[in-house]
Amino acid sequence: MVQSGSPQTLAIGMHDSPVGLLSWIVDMFQRWTNPAKELPEDAVNLDTLLTNVSVYWFTKTFASSIRLYRESNSWAWTR
């Protein structure tokens with residue numbers, strides 16, 4: 001809901017902090033893959049997590065990637 005409601009605010013926070021970006025992506029991966037797992041690395045491989053964070057951080061594409069949540073009407077929580 002944060003992504004669909006305030007994507008630019010979230011993007012600014014993620015753009016300024018690699019640790020914030022890491023924690024956000026780890027949390028999303030854990031929720032979306034297997035929330036029953038206690039540790040994120042039990043739900044998703046650490047290399048996968050770090051690769052995803054690296055791609056967003058080094059290309060500075062987090063803001064554009066979450067903008068679709070706001071612009072799309074097809075998401076269940078926007079109806």
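**Cut-offs behind the labels**

Q: Why does Tyr56 count as partly exposed?
A: Tyr56 has 26% relative accessibility, and buried means under 20% relative accessible area, exposed over 50% and partly exposed in between (1.4 Å probe, protein chains only), so Tyr56 counts as partly exposed. This is a predicted model, in which local features need pLDDT of at least 70 and side-chain atom pairs count only at pLDDT 80 or more, while totals for chains, interfaces and linings use all residues. Residues are numbered from 1 along each chain as its sequence is written, and side-chain values use heavy atoms, with hydrogens and water left out.

Q: Why does Phe62 count as buried?
A: Phe62 has 7% relative accessibility, and therefore counts as buried.

Q: What makes the pair of Tyr56 and Phe62 edge-to-face?
A: A search of the whole structure finds one aromatic pair. The ring centres of Tyr56 and Phe62 are 5.9 Å apart and their planes stand at 80 degrees; rings of Phe, Tyr and Trp (its six-membered ring) pair if their centres lie within 6.5 Å, and planes under 30 degrees apart count as stacked, over 60 as edge-to-face and the rest as tilted, so this pair is edge-to-face.

Q: Why is Lys60 called exposed?
A: Lys60 has a relative accessible area of 54%, and is therefore exposed.

Q: What makes the charged end of Lys60 sit over the ring of Trp57?
A: The charged end of Lys60 lies 5.5 Å from the centre of the Trp57 ring and sits over that ring, a label that requires NZ of Lys or CZ of Arg within 6 Å of the ring centre and within 35 degrees of the ring normal.
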